Amino acid sequence: MDNNKLSKARRDKKDEFYTQYHDIEKEISAYVEFNPKVFKGKTILLPCDDPEWSNFTKYFAQNFQRYEIKKLISTSFAVESKSYKEGYQPTLFERNDPNYNKKKTRINGKIFTLTKDKSGDGKIDVNDLEWDYLKGDGDFRSKEINKLKDEADIIITNPPYSLWREFFKFLIDAKKSFVIISNKSSVTYKEVFPFIKANRVWSGKTDWSGGMWFETKYPDDYDKVINGIKMKNTPSLWLTNIGHGKRHKELQLMTMQENLKFSKHKEIQGKKGYFKYLNYNAIEVPFTDAIPKDYPGQMGVPITFLDKYNPSQFEIIGNGQTMADELGIKPVGQKFVDDYYNQGNKGQINEKWNNLVYYDGKKACVPYQRIIIKHKKI
Ligand SMILES: C[S@@+](CC[C@H](N)C(=O)[O-])C[C@H]1O[C@@H](n2cnc3c(N)ncnc32)[C@H](O)[C@@H]1O
């Protein structure tokens, strides 16, 4: 799904996309590899989940003992409060439980907790989950869920796309450790980017390329079917404030001269030099792997740089689009506007527009959103 489709999903309040077990495992095990005690003695809250069959609940319940977790709390959102209610059936597990309530199953959220070996089989796992109906519908904005947030040390989920910004605020206000899934463009939101720049939030371990596949509940909105399950691909990534090894890996780069000679990108190879922005003192670097390792000044790089960002190697100066005033990016001027439109381009730029632009020798160019960075050690 491209970004337009994702924005449409947000407008349509399409939130019923469920994360695959192996995606959770791949991401979470990176935190454990980096710090084997990361979950030891911790209370983990999984909000906006669906505990009966969510893979987040399953994954943490199955690894409860191995990770030495103190308490797992997982909550779901009531079907009657969801924008998409089709196909809901209480599970056999719920219907066979003396606690089952025909009305509550539709209008109340549920809470599952795991703390001890309830079944007495000598291990703590998914069979030891205890459940109840929540008093309310499980909305993460409710007092009830906020109280659970206060109890938790770590919050982990794939939140509803339609309320993603609100969910991010819920996390930041909580001042807790977290791991969440988000769409790729979220890293540039004005509510998010300052935290990335300040190294308070960063990309998870999973590579951004290729997007992520989710199980979807929408009968007509899917990209492929695997074993009868409808799957949707969305340009997603993980965001976190928990350490992992990839964040400390140095990006291997060539010098500027080597790039100009050997780069695999036709935009760089054989050129005389990197283009300089017309209205800001930095060079345009259209690919992360083309960052020259010996350039001491500021560089504009694609957003996907954040997937490879190591805070000991680079400093983030700002976002060329949303922080143009703060950075002091100058207006593009009338000549650039005329040249741009005379080339046959369409758009809405005017001479006062202060977005990064450059001339590639002949043409007036407006790059896609750029982040301004600088090497730390040179
Ligand atoms: C993207 S899905 C992810 C579900 C699950 N965490 C997973 O990754 O498999 C988001 C879930 O949040 C639920 N949801 C929507 N609005 C909510 C709200 N205001 N509060 C809590 N959950 C909500 C949706 O019904 C959906 O089950």
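Q: Two residues are in contact if their C-beta atoms, placed from the backbone, lie within 7 Å; on that basis, what share of the protein's contacts between residues at least 6 apart in sequence joins residues at least 24 apart?
A: That share is 68%. The model is predicted, so local features need pLDDT of at least 70 and side-chain atom pairs count only at pLDDT 80 or more, while totals for chains, interfaces and linings use all residues. Residues are numbered from 1 along each chain as its sequence is written.

Q: What makes up the secondary structure, and what box do the C-alpha atoms fill?
A: The protein has 11 helices and 18 strands, where helices (H or I, at least four residues) and strands (E, at least two) are DSSP runs numbered from the N terminus. Along the principal axes, the C-alpha atoms fill a box of roughly 75 × 40 × 40 Å.

Q: How is the protein divided into domains?
A: The domain assignment, which is automatic or from a database, gives domain 1 (3-248) and domain 2 (256-375). Their C-alpha centres lie 37 Å apart.

Q: What makes up the side of domain 1 that touches domain 2?
A: Contacts link 13 residues of domain 1 with 13 residues of domain 2. Helix H8 (193-197) and strand E8 (202-203) each give two or more residues to the domain 1 side, and H8 gives the most, with three. By class, this side has five nonpolar, four polar and four charged residues; Ala, Val, Leu, Ile, Met, Phe, Trp, Tyr, Cys and Pro count as nonpolar, Asp, Glu, Lys and Arg as charged, and the others, Gly among them, as polar.

Q: Why are Phe-56, Thr-57, Tyr-59, Phe-60 and Ala-61 of H3 called buried?
A: They are called buried because a buried residue has 20 or more other C-beta atoms within 10 Å of its own (exposed: 12 or fewer; partly exposed: in between; C-beta atoms placed from the backbone), and these five residues of H3 are classed as buried. They pack against E1, helix H2 (21-34), E2, strand E3 (71-76), strand E4 (110-114) and strand E6 (154-157). In the protein, 35% of the 378 residues are buried.

Q: What makes a set of residues a nonpolar core, and which residues have the most contacts inside the largest one?
A: Such a core is a set of buried Ala, Val, Leu, Ile, Met, Phe, Trp, Tyr and Cys residues joined through C-beta atoms within 7 Å. The largest has 80 residues, with the most contacts inside it made by Ile-44, Phe-60, Leu-72, Ile-156 and Val-357. Helix H7 (residues 164-174) gives the most to this core, five residues, and each of domain 1 and domain 2 supplies at least three.

Q: Why are strands E9 and E11 said to pair?
A: Strands pair if DSSP finds at least two bridges between them; four bridges join E9 (residues 212-216) to E11 (residues 229-234), therefore the two antiparallel strands qualify. Met-212 stands opposite Thr-234 in E11.
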